Amino acid sequence: MKIKTIRIDASKCTGCRACEMICSAFHAEQKYSIANPKRARINVFKDEENDVYVPVLAGPYTDVECLGRNTVTINDKEYGECSFCRASCPTRVLFKEPDAPEIALKCDMCGDEPLPMCVKWCMAGALTYVEREEAS
Amino acid sequence: MAYGWVGGSLEIDLSQGKVEKQQNDPGLYQAYLGGKGIGTRLFRDKAPLEVDPFSPENLLIFATGVLVGIPTPSASFGTVSFKSPQTNLLSYCAMGGFWAAELKHAGYDTVIVSGKSPSPVYIWIDDDHVEIRDASHLWGKSTPETQAAIRQELGNNSAQVICIGPAGENRLFMASIEHGGTNSAGRAGVGAVMGDKNLKAIAIHGTRDIDLARPAEFVELSEQAFKRSETLRDWVAIKNWCHNYMQEHMDWALYGNADDMPAGSGFERYGEICREFVDRSLARELSCYNCPVKCKSMVSLGNGKYYPVKCQAWMAFTLACKIPDLAFGVKCFDLCVKQGMDYISTARTLAFAIELYQKGILTREDTDGLRLEYGNAEVALTLIAKMARREGLGNILADGTNRAAGIIGRGAEEHVYVVKKLELMTDSVYNPYYAFVTATSDRADLHFGTVALSPSSWHRERDAYIEEGWWLFPQSWRQYLDVDYSANYAGLAEMTVYGEDTKTFVDLAGICWFCTGFWPFPFLKIGDMARLVSCATGMEVDEAEARKIASRTRTLIQASNVRLGMTRRDDTVPEKFFAEEPTQRQKELELVRLDRGQWDKQLDRYYELRGWNSQGVPTAETLDELGLDDVRQDLEERGIL
């Protein structure tokens with residue numbers, strides 16, 4: 001089975017959020033007719049002062065928050081794991097339609113497009129597209 | 001239904017603590033699109049131009065570009081229009097980053113701030129919810145601390161914050177508004193006006209859509225532009241600059257009053273120093289919203305902290321203080337960002353103070369005991385901090401070189417390099433083109449004035465550059481590049497008007513000038529931007545209409561400033577550049593002493609092309625043609641026209 005993968009190289013991210021921009025436009029009811037990064041299925045986590053930039057792709061929906069949580073330490077700064085979490089989850093507004101929070105947003109790899117739009121628009125090379133075979 | 005723009009406007013009166021929501025007239029967008037065009041028009045409609053910059057009646061008008069917040073390459077800019085305490089003219093600053101798009105997503109293209117709050121406040125805009133909040137606990141905080149504290153207390157990590165630092169609170173003429181660590185609205189005292197209003201910050205969060213009129217066509221044009229951006233993207237990256245261009249860039253940016261670098265100063269290997277520094281220190285390249293160009297960076301100085309660098313910011317201080325150490329430049333710029341200070345005027349003012357000390361005009365009695373010597377990093381950093389706090393000599397320097405010279409006297413005026421009281425960015429105004437665009441610019445500014453063709457090294461490659469179609473100007477104007485500037489200024493006025501219109505349109509659209517004209521390889525020209533505006537808004541804007549819209553804004557700013565007393569005599573650069581020979585090194589760079597006769601001829605021509613009379617006053621015909629009949633009537637009633 002062919003698995004579509006987006007590889008994220010956080011060190012190359014320039015924080016421009018072009019991925020969020022084009023993702024939201026691509027997934028508009030009429031393609032490209034609106035722009036709104038709050039509807040994007042990708043979100044760039046930023047901590048400018050500590051030079052941390054991580055594009056996070058919207059993953060599965062969950063209707064209950066995690067009970068056990070860990071933290072991530074990068075260059076001595078501690079981040080809650082929610083910072084890099086992919087879930088559409090009751091604890092936060094991320095990855096939900098802003099005007100209809102009951103609707104979760106999830107990355108669909110842009111369906112039949114030859115490349116996911118975020119990869120196509122990432123001029124920095126932080127996002128690359130890889131297909132890999134996996135036994136089903 | 002609005003396309004491209006969103007239509008809303010916030011009017012916030014800080015004296016009354018009142019917030020009103022309005023819808024802008026669609027005609028405003030058709031005439032001015034956005035940015036400083038709309039900002040200038042609203043200023044004129046809402047406040048008397050003669051207003052004292054430090055009075056509650058002065059306005060700060062934040063206006064977003066019409067192509068911001070949609071998938072336009074390099075469109076992240078909004079402008080701030082205000083009456084400048086430094087120039088006493090109507091002025092503006094442009095700032096990129098993420099704030100302007102966020103404002104549109106909240107439903108507003110413009111925010112008009114008037115009045116003066118009795119105590120420090122910040123404004124919180126969260127879609128429909130707009131609130132004036134106490135900022136007493138933020139007063140005195142640096143700009144990064146302020147942004148972090150506001151995000152934390154609002155519990156909203158994606159809010160975009162613009163704010164002033166201590167310099168704005170202390171109303172320095174060189175106080176800026178800062179955003180996100182690397183973006184500044186820096187010049188002409190914009191941060192001082194915000195501080196005078198007791199407004200520490202504006203925090204914005206928006207969740208609404210921005211609609212596009214012809215989406216498929218728009219995205220196709222954008223994708224083509226993204227492809228074209230590849231040349232500039234790598235070229236302008238700091239690594240390329242530090243590896244290949246800094247030695248020459250130094251010659252062109254010889255800063256402040258530092259002028260020539262003597263042998264043995266270390267600057268003969270400046271290029272090498274920059275190369276070594278960037279290889280050692282570069283942590284990350286950064287861009288503004290939806291921009292493929294990596295013009296900003298974070299560097300690490302090996303102390304676990306990260307520092308922002310951009311453009312000439314770090315270089316300015318190394319040259320101003322004659323310290324060939326980029327780590328020093330980085331620390332100075334970082335201090336400016338934290339205190340909320342415009343690095344251009346700050347570095348210029350440092351150079352001015354050191355020069356006065358060297359000449360004996362300032363002595364240790366005036367400097368609170370500081371020895372203002374070239375090469376002394378600690379003294380330079382101390383002086384910047386003293387300026388931000390208005391402490392001792394810092395208080396005299398806090399309002400820039402022009403005012404400081406007035407206070408100091410004793411011949412200090414001769415060491416002031418300003419246009420319309422605003423510090424010049426570099427001394428490359430020995431190049432007549434640079435001098436001319438600076439003198440005629442609507443903000444007395446080279447940095448975001450118009451640069452036809454950037455200087456020095458890439459001149460060597462310019463034939464290929466023009467042939468490949470990168471040049472901003474009509475191909476037939478190549479002849480102007482062969483002009484011998486020591487004898488003849490042919491084409492100067494034509495190129496200035498053409499470039500200025502492009503730059504003005506860029507400001508209305510909200511696109512970055514770095515990507516559209518300042519550097520070689522602009523991947524969006526005015527025709528491309530006009531097409532993008534058409535597809536985004538549904539208006540029909542071709543290149544001719546784009547120039548007309550730009551011209552309307554330029555003429556409106558001019559009409560405002562001539563009403564405020566600006567005359568032809570102000571459209572000049574310091575006398576030094578006419579009276580003194582350039583240094584030997586500058587001559588080697590083909591820089592020449594300016595010629596007053598040629599200058600005046602070009603100024604006549606510039607006014608004529610603009611449709612202004614010989615004193616720089618827009619004519620009745622021009623004003624009527626641009627639909628500015630109210631402005632014509634105003635100038636006539638005042639006897640100016």
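Tutor: Two residues are in contact if their C-beta atoms, placed from the backbone, lie within 7 Å. This is a predicted model: local features need pLDDT of at least 70, side-chain atom pairs count only at pLDDT 80 or more, and totals for chains, interfaces and linings use all residues. Residues are numbered from 1 along each chain as its sequence is written, and chains are lettered from A and ligands numbered from 1 in the order in which they are written.

Student: Which residues of α15(B) does α13(B) meet?

Tutor: Helices are DSSP runs (H or I, at least four residues; strands are E, at least two), numbered from the N terminus. From α13(B) come F328(B), K331(B), C332(B), L335(B), C336(B) and Q339(B), and they meet A377(B), A380(B), L381(B), I384(B), A385(B) and A388(B).

Student: Is α13(B) roughly parallel or antiparallel to α15(B)?

Tutor: The axes of α13(B) (residues 326-339) and α15(B) (residues 377-389) come within 10 Å and cross at roughly 10 degrees. Since under 35 degrees counts as roughly parallel (over 145 roughly antiparallel, 65 to 115 roughly perpendicular, the rest oblique), α13(B) and α15(B) are therefore roughly parallel.

Student: Which element gives the most to the side of chain B that touches chain A?

Tutor: Here 32 residues of chain B are in contact with 22 of chain A. β13 (210-211), α7 (215-228) and β14 (282-286) of chain B each give two or more residues to that side. With 5 residues, the element giving the most is α7(B).

Student: What is the bridge partner of A35(A) in β13(B)?

Tutor: Strands pair if DSSP finds at least two bridges between them. β2 of chain A (residues 34-35) and β13(B) pair in the antiparallel sense over 2 bridges. In β13(B), the partner of A35(A) is I210(B).

Methods
Axes fitted to C-alpha atoms, helices over the stretch in contact; angles between N-to-C directions.
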